[in-house]
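Biologist: Before we talk, put the model on screen. I want each label set against its cut-off.

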Amino acid sequence: MTDETIAKSSHRHHWRRDLVEVAALFAAVAIADSVADTVVHGPDGPVLLWASAGALLATAGFHTWWSRRRGHAPPAATPPAAAPATTPAARPGGTTTLWRMRTTVRDEPGSLAALGLALADLGVDILSLQTHPLGDGTADELLLRAPATLSPAGLTGAAAEGGGRDTWLERADAHDLVDVPTRVLHLATRTALDAAELPLALRRLLGRCTIRSIPSACSGAAGESVPDEGMWEGTVMRLRDPSGGTITIDRPYLPFTPTEFARARALVELDARLGPRAMRPGDVLTLPEGGEITVRRAGTGDLDAAREMHERCSPATLSQRYHGPVGDTDRYLHHLLSPRFGRTLAAYTTNGRLVALGHLLWDGDETEVALLVEDAWQRRGVGGELLRRLVAMAAEAGCGSVYAVTTASNTGVVAAMRALGLPLDYQVEEGTLVITARLAARPPAAPARSMTVRRATGG
């Protein structure tokens with residue numbers, strides 16, 4: 001309908017309404033004139049007026065009485081009903097616990113809502129949610145804040161009530177409050193800056209798991225069978241290592257999902273595209289007698305210098321470090337210096353001579369520290385400085401403890417471990433001493449009192 005048509009229709013309705021209003025006005029005037037004529041000229045005019053007034057008053061009084069009796073007035077305000085005392089959510093301010101839960105629900109509308117309602121009935125708050133599409137449903141990974149009195153069995157029972165199956169549950173901490181995209185970007189940044197970060201980044205990405213790097217020389221046919229895009233089956237994931245060989249990730253307590261496999265593969269592809277990274281400059285330490293050494297990260301580029309240091313070390317020193325025949329020491333070096341197996345610190349003199357190596361080795365879920373100091377440089381604080389830095393790196397990587405394998409006669413390693421100021425556990429078995437340091441109470445890493453530290457200007 002056009003604007004002109006609307007205007008014409010409105011005009012027609014307008015004059016019709018005016019005609020009706022004029023007719024009503026004339027009718028009202030006629031009625032009023034008839035009533036006035038009756039009152040003025042009729043014999044009962046005053047009586048009629050008084051009777052009309054009385055009828056109006058009676059009608060008003062009856063209406064007031066009827067309204068009060070039937071309760072037409074607005075009802076009085078009533079206090080809201082109190083929530084049941086048995087509902088956990090009705091206890092504000094109570095202690096709570098963080099949990100990580102993974103459960104599989106049907107891939108259909110309302111499944112997640114049913115799970116959320118079942119948890120809400122117990123006062124459980126869902127802080128974050130990830131969904132992992134599967135072939136026969138969806139695996140929901142939730143970060144929960146639950147009342148401290150709620151048992152793990154109560155949580156898994158609530159998940160089952162909400163339609164969840166194959167539920168896995170473990171305690172969480174404040175680090176899990178970081179959302180997944182932020183955590184993945186942080187891991188990617190660390191991997192981009194340091195090639196040695198890849199195993200640690202994979203462990204932080206996938207949770208508690210065992211990561212093994214198998215060099216191409218040792219992998220044989222098993223390494224060749226891994227396709228370029230990797231392979232994944234259940235709780236085991238295999239990926240091509242950009243530096244050669246394969247990376248095997250094992251998490252027996254919880255199967256991997258397609259989403260986790262894609263994330264791990266993307267992290268490995270990032271490492272492959274970036275290639276070898278430049279070594280960061282180290283710190284120059286001034287020793288008590290006035291000499292200087294440079295401590296920096298080491299890699300496979302230090303292999304020749306490490307072999308030369310081996311030749312200068314006595315058989316006793318090499319035997320204490322490698323716990324085996326002296327002739328086999330060189331074959332360990334490539335493994336120890338590879339960033340896939342851990343981190344290595346090297347101490348160089350001002351004339352470029354390597355005098356000490358400190359290794360931090362990823363051993364499944366555990367972490368080993370090991371030191372090798374050239375005979376002429378022992379008892380001068382170099383080994384202790386390397387150990388302090390390695391322990392700080394282990395704590396930064398999220399390790400709960402580190403252990404050193406030595407002998408009771410190796411008083412230098414024992415003294416260096418005791419100087420850390422950490423709780424130590426000692427275990428002696430068949431002449432081998434294993435010292436484990438717990439890092440929960442780790443003090444801040446600091447150089448020895450007798451050493452001055454400054455940043456090196458070159459590699």
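**Labels and their cut-offs**

Biologist: Why is Cys313 called buried?

Modeller: Its relative accessible area is 8%. Buried means under 20%, exposed over 50%, partly exposed in between, with a 1.4 Å probe and protein chains only. So Cys313 counts as buried. Cys399, at 12% relative accessibility, is buried too.

Biologist: What kind of model is this, and how are residues numbered?

Modeller: This is a predicted model: local features need pLDDT of at least 70, side-chain atom pairs count only at pLDDT 80 or more, and totals for chains, interfaces and linings use all residues. Residues are numbered from 1 along each chain as its sequence is written, and side-chain values use heavy atoms, with hydrogens and water left out.

Biologist: How many disulfides does a search of the whole structure find?

Modeller: The search finds 0. A disulfide needs a pair of cysteine sulfur atoms within 2.5 Å.

Biologist: What makes Ala437 buried?

Modeller: Ala437 has a relative accessible area of 0%, so it is buried. It lies in strand E16; strands (E, at least two residues) and helices (H or I, at least four) are DSSP runs, numbered from the N terminus.

Biologist: Which residues does Ala437 touch?

Modeller: Leaving out residues up to four places away in sequence, Ala437 touches Gly400, Ser401, Val402, Met417, Leu422, Pro423 and Leu424. Contact means heavy atoms within 4.5 Å.

Biologist: What is in the largest nonpolar core?

Modeller: It has 37 residues. Those with the most contacts inside it are Ile293, Leu360, Leu387, Val402 and Met417. Helix H12 gives the most, with 7 residues. A nonpolar core is a set of buried Ala, Val, Leu, Ile, Met, Phe, Trp, Tyr and Cys residues joined through side-chain atoms within 4.5 Å.
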